[in-house]
Amino acid sequence: MGILNPLLILSLVFGATVFCQYDFDEFEDEFEDELDNEYPSVFHIPSVEYAIPYPALPAECAKECFCPPAFPKSMYCDHRKLRTIPNIPSHIQQLYLQYNDIEAVLLESFVNATALREINLSHNKIKSDMIDTGVFAKLSNLVQLHLEHNLLEEIPFPLPRGLERLILGFNKMSKISTQALEGLENVTMLDLCNNNLVDSEIKGKHFSSMQSLMQLNLCSNRLESLPPELPFSLLYLSLENNSVSFIPDNYFQKFPKIIALRLSHNNLHEVPYNVFNLPNLVELNLGHNKLQQVFHISRSLQHLYLEDNDIEVMNITLMCPSIDPLNLNQLTYIRVDQNKLTAPISTYAFFCFPLIRSIYYGEQKISSNQRTQLRTPVFRRYLTPEEYDEAEENHEAEEHYDEQDQDHRGRDEDYFDPYLY
Ligand SMILES: *[C@@H]1O[C@H](CO)[C@@H](O)[C@H](O)[C@H]1NC(C)=O
Ligand SMILES: *[C@@H]1O[C@H](CO)[C@@H](O)[C@H](O)[C@H]1NC(C)=O
Ligand SMILES: *[C@@H]1O[C@H](CO)[C@@H](O)[C@H](O)[C@H]1NC(C)=O
Ligand SMILES: *[C@@H]1O[C@H](CO)[C@@H](O)[C@H](O)[C@H]1NC(C)=O
Ligand SMILES: *[C@@H]1O[C@H](CO)[C@@H](O)[C@H](O)[C@H]1NC(C)=O
């Protein structure tokens, strides 16, 4: 037993990384609780888990599905061409039903399923009117619900009040009913990307009542203006690929904790000079708009994406109106390819932004059908060996741009995880 125990522990720990599929929790812990930052030491696993890692009798499992013996609380029914949801035994906590042909979510499949914490129903054929009313609300332990890539026309409701992550991307949603977001006080991540939402459905809908919301994804919808009511807790906002043309002056004051903001592929011609001067902003993506002028860069900003705009001069006086040697600007990377620059950024920039590591100039547009290159398509500051090591460790986005790299799409897709929370 003395020798067996460590082996069992090892298989538990290793197995957990394979089967649990809780990709997001590590990130969340980092932000929510500094003390919980470390991996739980083996000794924190409740002793009952050691005692019965392999149950004497095989636990109940739907015949269509697979329940791994070492993880009897998970039921895998994905990629099986299922047309209906199998009966779910009462001890199951994780239910994987992605990639099937399921059209309906019926109360009767869930009568015994009171322990469920996580359901993955993505990549099915579920329509809103085929979800039994209250079927999810009854699952009082549910924290994570994946319904992306279905045929939903609206947010299912009611939903359980303890829900933390709701993923509804790639559906056909064109409306959000007033009740849908009510009482979802524990939701930290809401993904509504790739739907058909228009302004009138977002207005007056109280995202602001979701007081734990940290990440809101509204990319690839049909929004022409920014959502008016967002909660104070928000850290990540994704609005790329809409038709937003206007940012109100003090728009971000109601959620000043914002860390990353994606507004690429919109229709912005100008922005208020001080609107992005926010204390915690680290990533700002305004690529593929029609901006002509730069704006005040906040001290915290590290990565600035401005590719494919109409900027003729990167006016450093505007970006950095004053220098505070005790509070250095944090900017390390600027992307400005596909603009109308005729000269590199003034070297004064390196006094204002002493941490700059690279500026990606790429190709510039002289006229609509003519492209040109500045003498140096990529500016790289010489790094000391220590700085170089640090840059390598941090996997900075700019490390992916070198002189040979002609892929102008670059890495702008994944500089923050779209499903962080
Ligand atoms: C629910 O549990 C009861 C008692 O164990 C069982 O008889 C019944 O078949 C179960 N129903 C479903 C839908 O799993
Ligand atoms: C749910 O399924 C999708 C595939 O559709 C997968 O990418 C995702 O990781 C799954 N989520 C969980 C928590 O298992
Ligand atoms: C919401 O989260 C808090 C803190 O984690 C928890 O105490 C509370 O029970 C949760 N609410 C519901 C309805 O589950
Ligand atoms: C932008 O959104 C449209 C739908 O509004 C979608 O068809 C298209 O694939 C999206 N483009 C990108 C790059 O995501
Ligand atoms: C930069 O902006 C300042 C303030 O608007 C202006 O006075 C200056 O002429 C501009 N510099 C360039 C090079 O356009």
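User: Let's start with a loop residue: where does His149 lie?
Analyst: His149 is in the loop between S4 and S5. The element names come from DSSP runs, numbered from the N terminus: helices are H or I over at least four residues, strands are E over at least two. By that scheme the protein has seven helices and 16 strands.

User: What kind of model and numbering am I looking at?
Analyst: It's a predicted model, where local features need pLDDT of at least 70, side-chain atom pairs count only at pLDDT 80 or more, and totals for chains, interfaces and linings use all residues. Residues are numbered from 1 along each chain as its sequence is written, while chains are lettered from A and ligands numbered from 1 in the order in which they are written.

User: What does the pLDDT average for the protein?
Analyst: pLDDT is the predictor's confidence in each residue, from 0 to 100. Here the average is 81, and 75% of the residues score at least 70. Residues 1-57 fall below 50, yet that stretch has 29 contacts in the model beyond near neighbours in sequence. Residues 395-416 are also below 50, with 35 such contacts.

User: Which are they, buried or exposed? Take His149 and Tyr99.
Analyst: Count the other C-beta atoms (placed from the backbone) within 10 Å of the residue's own: 20 or more is buried, 12 or fewer is exposed, and in between is partly exposed. His149 counts as buried because it has 20 C-beta neighbours inside 10 Å. Tyr99 has 17 within 10 Å, so it is partly exposed. Across the 421 residues of the protein, 36% count as buried.

User: Why does Leu197 count as buried?
Analyst: Leu197 counts as buried because 22 C-beta neighbours lie inside 10 Å, and its place is the loop between S6 and helix H4 (199-202). Setting aside neighbours within four places in sequence, Leu197 contacts residues including Met173, Leu192, Ile202, Leu218 and Leu223. Its C-alpha atom is 8.7 Å from that of Lys172, 25 residues away along the chain.

User: What does Asn194 touch?
Analyst: Asn194 is in the loop between S6 and H4. Not counting residues up to four places away, it touches Gly169, Phe170 and Ser220. The C-alpha atoms of Asn194 and Phe170 are separated by 4.7 Å, though 24 residues apart along the chain. Asn194 counts as buried because of its 20 C-beta neighbours inside 10 Å.

User: Which residues touch the most other members of the largest nonpolar core?
Analyst: A nonpolar core is a set of buried Ala, Val, Leu, Ile, Met, Phe, Trp, Tyr and Cys residues joined through C-beta atoms within 7 Å. The largest here has 89 residues, and Met75, Leu304 and Val336 touch the most other members. Among the elements giving it two or more residues are strand S2 (94-96), strand S6 (189-191), strand S11 (303-305) and strand S13 (358-360). Beyond its neighbours within four places, Leu304 contacts Leu284, Ile297, Leu331, Tyr333 and Ile334.

User: Which residues surround ligand 1?
Analyst: A residue is near a molecule if its C-beta atom, placed from the backbone, lies within 6 Å of it. For ligand 1, the surrounding residues are Asn87, Glu108, Val111 and Asn112.

Technical notes: Two residues are in contact if their C-beta atoms, placed from the backbone, lie within 7 Å.
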